[in-house]
Amino acid sequence: MASTLFGPFARTYRSLQRNAHENPAIFYSIIIGAVGPIAVLTVPPIRRTYFGYQTPDRVPTSYPLPRRPRDESLSGYDDE
């Protein structure tokens with residue numbers, strides 16, 4: 001009875017173990033690829049809770065223009 005319940009897991013483990021020895025690059029790339037989505041969900045809350053991380057201010061997308069009239073008129077560089 002136990003072999004029918006845990007048989008697929010044992011075969012999967014043996015298959016993973018064999019692939020880790022025969023094709024380590026493929027095996028570890030699959031492991032790293034599987035950890036990525038898990039890390040996306042777990043790392044940000046851990047950073048905020050335990051390490052006090054705060055989201056930085058947004059990067060400005062435009063140059064701030066002064067709120068005053070120009071002192072001089074522009075000349076040169078075809079501004080006439």
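1. Over residues 25-43 the chain is 100% helix and 0% strand, with the end C-alpha atoms 25 Å apart. Helices (H or I, at least four residues) and strands (E, at least two) are DSSP runs, numbered from the N terminus. The UniProt annotation "transmembrane region", from an unreviewed entry, covers residues 25-43; such annotations may be inferred rather than shown by experiment, and their positions follow the numbering used here, with feature names shortened.

2. The model is predicted: local features need pLDDT of at least 70, side-chain atom pairs count only at pLDDT 80 or more, and totals for chains, interfaces and linings use all residues. Residues are numbered from 1 along each chain as its sequence is written, and side-chain values use heavy atoms, leaving out hydrogens and water.

3. The protein chain holds two helices and zero strands. Its radius of gyration is 29 Å, whereas a compact globule of 80 residues would have one near 12 Å (taken over C-alpha atoms; the globule rule is 2.2 Å times the number of residues to the power 0.38). The C-alpha trace spans about 90 × 35 × 20 Å along its principal axes.

4. Of the 80 residues in the protein chain, 2% are buried. I31, in helix α2 (residues 24-51), counts as partly exposed because its relative accessibility is 39% (buried means under 20% relative accessible area, exposed over 50%, partly exposed in between; 1.4 Å probe, protein chains only).

5. The protein chain exposes about 8,300 Å², of which carbon and sulfur atoms supply 61%. Accessible areas come from the Shrake-Rupley method with a 1.4 Å probe; for residues, only the protein chains shown count as cover.
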